[in-house]
Amino acid sequence: MKKVVKFGGSSLASARQFKKVADIIKSDKSRRYVVPSAPGKRSDKDEKVTDLLYACYDAVAEGRSYKKILEKIKSRYMDIIDGLDLNLNLDHEFDRIEENFLAKAGRDYAASRGEYLNGIVAANFLGFEFVDAAEVIFFDENGNFESEHTNRELSERLEHVEKAVIPGFYGSKPDGTIKTFSRGGSDVTGSIVAKAIHADMYENWTDVSGVLVTDPRIVENPEVIETITYKELRELSYMGASVLHEDAIFPVRKEGIPINIRNTNRPEDKGTLIVESTCRKPRYTITGIAGKKGFCSINIEKAMMNAEVGFGRKVLSVFEQYGISFEHMPSGIDTMTVYVHQSEFEEFEQSVIAGIHRAVEPDTVELESDLALIAVVGRGMRSTRGTAGRIFSALAHARVNVKMIDQGSSEWNIIIGVENDDFETAIRAIYDIFVTTEL
């Protein structure tokens, strides 16, 4: 069995955290390929090493004094090395970094050095081989990730390597310059490595015990989702849930490799398993709740509009003309409502209204602002009757006025529109009816 284990910045912020990581890796012999992030914050008042590297490089580029920032970065790594009692000296690496900063190697290069140096430290501490991501992860000259080239080279490189540390977040262009992933960072690297070695599992270790049913800033100590499908995860991520970025999921999804989100500080917790499909029944009717504020609705009314061929297309073409994408479009016999991001719409609102009048000659066009959309997602909803009724009941009991409800054809998600001011109340009410009462 082969596992790829990725550790986030909080998991590798100090020597103490490094020791926890080593214990986790040594407790399972199948954890053979490690993808580290740069050291994160040790406390709320601390700074991430990546942020310090950016600040240092910017100071060099602008001709300002940078030595103090560079010393601060050096001391972070020295604290880790000393705390681990390692016989390791990074002076040569820092000299080369300083030279490249002065030679204007670029902000991507600067940002990547946090992972690079942490990879060297991790490899030395674990006794694993260090594989520089710049040698096995490739971008084209325009900065686009080359998945096939990378998969081929990475597979060949790791085929005869029993245990390796591959730093996350970066790769290289054809001319050798460093390029970082724009989003998902080290999560993406972990997924790419898992695909290349045909891993049985990709473990993503962070500071939470898995994916939460809903936002802990709204519901105190929400339950952890035991198993979630990629499809459910995508629905929740799109509606604002802070989970893995889609770029970090695609490589393993294509290979059918499950992802396990785990907590470095609570390794005994099973975390959340992310899978393509599962026979496991969900613990609750719903899997998760997520949402966003800042929408507005454009309600178009016209008698007999349902008999007018091309009515919807003509309306949407007006939004397209101004580069505005729509989120949802519930409709009735004589009404059609388009939900859009308010920030995108406000600049063009009068032009859009005039365009709709010209395109379809409606009886009325009404706007409503400051709305929120909430997604209730779960594969268990498909086989459970009365889910929408329970949502309505919970919201009515919480005195929340429902502006819109839209159920997808898959029956895996229901979207509810409410006023911004009712957003948190609505999420708590839905959580209580489906999770608290089902515990």
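D85 sits in the loop between α3 (67–83) and α4 (91–102), where helices (H or I, at least four residues) and strands (E, at least two) are DSSP runs numbered from the N terminus. This is a predicted model, in which local features need pLDDT of at least 70 and side-chain atom pairs count only at pLDDT 80 or more, while totals for chains, interfaces and linings use all residues. Residues are numbered from 1 along each chain as its sequence is written, and side-chain values use heavy atoms, with hydrogens and water left out.

Let us stay with D85 for a moment. Its phi is positive, about 55°, although D85 is not a glycine. Most residues other than glycine have a negative phi. D85 counts as exposed, with 72% relative accessibility; here buried means under 20% relative accessible area, exposed over 50%, and partly exposed in between, using a 1.4 Å probe and protein chains only. With a relative accessible area of 49%, K104 is partly exposed.

Now step back to the whole chain. The protein chain contains 14 helices and 16 strands, and its C-alpha trace spans about 80 × 50 × 40 Å along the principal axes. Of its 439 residues, 51% are buried. Contact means heavy atoms within 4.5 Å; among contacts between residues at least 6 apart in sequence, 75% join residues at least 24 apart.

The chain is divided into domain 1 (1–273) and domain 2 (280–438), with bounds that come from an automatic or database domain assignment. Their C-alpha centres lie 37 Å apart. Across the boundary, 21 residues of domain 1 are in contact with 25 residues of domain 2.

What about the interior? In soluble globular proteins, nonpolar side chains tend to be buried together. A nonpolar core is a set of buried Ala, Val, Leu, Ile, Met, Phe, Trp, Tyr and Cys residues joined through side-chain atoms within 4.5 Å. The largest such core has 116 residues, and V121 and L158 have the most contacts inside it. Helix α5 supplies the largest share of this core, nine residues, and the core draws at least three residues from each of domain 1 (1–273) and domain 2 (280–438). A second, separate core of 18 residues includes F319, F345, V352 and V365. As for L158, its contacts beyond four places in sequence are Y33, V131, A164, I166, V193 and I197.

Helix α5 (residues 107–126) also holds F125. Setting aside residues up to four places away in sequence, F125 touches F18, K19, A22, L84 and L86. Which residues line the largest cavity? They are L12, F18, V21, A22, V34, P36, A122, F125 and L126. The elements giving two or more residues to this lining are α1 (15–26), β2 (31–36) and α5. By class the lining has nine nonpolar, no polar and no charged residues, where Ala, Val, Leu, Ile, Met, Phe, Trp, Tyr, Cys and Pro count as nonpolar, Asp, Glu, Lys and Arg as charged, and the others, Gly among them, as polar.

The largest cavity has a volume of about 50 Å³, and the structure holds one cavity of 30 Å³ or more. On a 1 Å grid over the protein atoms alone, a cavity is a set of points where a 1.4 Å probe fits but cannot get out, and a pocket is an open set with protein on both sides within 12 Å along at least five of seven lines; lining residues have an atom within 4 Å of a point. Grid points are joined across faces, edges and corners, and a volume is the space filled by probe spheres set on the points.

Two or more lining residues come from each of α6 (147–158), β6 (178–180), α7 (185–196) and α9 (246–255), with α9 giving the largest share, five residues. This lining divides into seven nonpolar, seven polar and seven charged residues.
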